[in-house]
Amino acid sequence: MATTSAQNTLPTRTTTSSTDPDDAVPDEDSSETTKLFNERLAAWKHACGYLEDYVTSTEKMQHAHGKEYEKVLKTVNHPLKEGHHFEQNLGGVAGLFDNIRTNTQGISNSHYETAKTLKGSVLPIFERLHSEIKNKTKELSKGAGKGSKLVDKARNTSQKHIEYLGQHTAAFDSSAGSVKANDDPYVIQRQVYHRLNKQVLEENNNRDDLLSVQNSFAQFEAHVVSTFQTGLAQFNAVLQNQTEQARSMYGDMLGTAQRIQPDFEWNGFIKRNGSTLIDPHAPKRSVESLGFANQDHRSTKALIAGSLEKKGKIKSYTTAFYAVTPAKYLHEFKTDDDFAKDPSPENSLYLPDCVIGAVDGTKFHVRGKDAGKSSIMSKMAMTHEYAFRAHTPQDAERWHAVIASVAGISNNELPEGSAPNSPAGAEKSAGWHGAPAAAGTGAVASPTHAGTTAGVGGYGDPAAAQAPLAGSGAPLSTAEKEAAGYGSEKRY
């Protein structure tokens, strides 16, 4: 029966956010768009290569007349590589090459002088275009391709930290909230936000780069089509001295090329690949709209958080951001900004090991050790008294109530420099500095012993220790303090 009960109470990791936990780190290939553009550039490069081969073979054909002209047909007799990138209906590049195949079959004569002109004037146009397409491919690889790698790296970092948060939220549940300061899910969650912010910046930068490339592709492809038209126009002019039949066939090739609208292929490409290309009207991602596993786990929500002032060594107050977590730590941060810098606590007080004094207006103090250091350093660390000042008395009461609910010991000692308001208060203050624990005994009670026997501050019966602080909020009487062993404590 006991075994069954233990199994039923084992902690399980659940998604506490209503949003998709995988939304923070999308499961997609960030380089997919870049690959698509590379493939498209390869298609244009091969199309241009077809035309280069065609003109070269035409020049050679001028030397061998009809028979050699069959070799020209072979250069365009195969389907276009990456042909799915071109519109297969009439009016596009694919239709142009179909027209070239048909007309080339009918060409049977050429002239030697025409061969020399083709080699010196027409062919360089397509060779220069071929080089432009290659340079465009290099620019894409060095620009958007590099950005995609940075996005993948940032996503991997975010995913690892989200998994790290999942491990420690599960550990928080299984250990009844007993975790190290650096393993506090509250701190890890803030670190997750920091990494997600870096990831989103890389994603948005990569998106902007790809969108810029995408927008420039329309102009570039219009230039490619225009160059096709220019080259074929010159090709036709060179062959004007050929027979009427040859001129007619080459003129038909030119007419087919000129009927291609500059944006005809681009519009078809957008239509076919709309789901892969970047939508320029889609909003950018933001950290505020993201969700991830254990985002709303109870261990990540502070019991109270805000700014407090802490007295320094030269008795001046400095403002910082503080948070009391369900793990019973009081963490001090420089700011509440999770994005500018990876949030790590400056100090961490484990409150069950601390003593909290009474509230004096806006002031109160907590005595304890910084638990944020390593295990060895924490044991060697000295106990310090931290004097805090809230912005208003009401704020001070709220902070004091939350800290007192988890602190090891609460007493009515006023902050340093505060005078007692009544003889009873003076008597309590005197008891803190070493008044006898019980009349007539002559002994000074130990707070550790008292905590063990009377349940003060969580040593023994926590309900008995906190009973005077909860409910009506009445302070301990002098006799109660002496019986609980407060008399032997000394201010650090």
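## Burial and the Chain as a Whole

A residue counts as buried when its relative accessible area is under 20%. This cut-off is applied below to a predicted model of a protein chain with 492 residues, of which 46% count as buried. The chain exposes about 24,900 Å², and carbon and sulfur atoms supply 52% of that area.

The protein chain contains 14 helices and 8 strands.

## Confidence in the Prediction

The average pLDDT of the protein chain is 74, and 73% of the residues reach a score of at least 70.

Where pLDDT is low, the predicted coordinates should not be read in detail.

## Packing of Helices α2 and α4

Two packed helices are described by the angle between their axes and the distance between the axes. Helix α2 covers residues 32–75 and helix α4 covers residues 112–142; they pack at an angle of about 170°, and their axes are 9 Å apart. An angle over 145 degrees counts as roughly antiparallel, and α2 and α4 are therefore roughly antiparallel to each other. The residues of their contact comprise 15 nonpolar, 11 polar and 7 charged.

## Two Residues with Positive Phi

Asn-294 is a residue other than glycine with a positive phi, near 65°. It is found in the loop that runs between α8 (264–272) and β1 (304–311). Is Asn-294 buried or exposed? Its relative accessible area is 2%, so Asn-294 is buried under the 20% cut-off.

Lys-328 likewise is not glycine and has a positive phi, in this case near 75°. This residue belongs to the loop between β2 (317–324) and β3 (329–333).

Taken together, both residues lie in loops, Asn-294 between α8 and β1 and Lys-328 between β2 and β3.

Conventions:
Residues are numbered from 1 along each chain as its sequence is written. This is a predicted model: local features need pLDDT of at least 70, side-chain atom pairs count only at pLDDT 80 or more; totals for chains, interfaces and linings use all residues. Side-chain values use heavy atoms; hydrogens and water are left out. Axes are lines fitted to C-alpha atoms, for helices over the stretch in contact, and angles run from 0 to 180 degrees between N-to-C directions. Helices (H or I, at least four residues) and strands (E, at least two) are DSSP runs, numbered from the N terminus. Angles under 35 degrees count as roughly parallel, over 145 as roughly antiparallel, 65 to 115 as roughly perpendicular and the rest as oblique. Ala, Val, Leu, Ile, Met, Phe, Trp, Tyr, Cys and Pro count as nonpolar, Asp, Glu, Lys and Arg as charged, and the others, Gly among them, as polar. pLDDT is the predictor's confidence in each residue, from 0 to 100. Buried means under 20% relative accessible area, exposed over 50%, partly exposed in between (1.4 Å probe, protein chains only). Accessible areas come from the Shrake-Rupley method with a 1.4 Å probe; for residues, only the protein chains shown count as cover.
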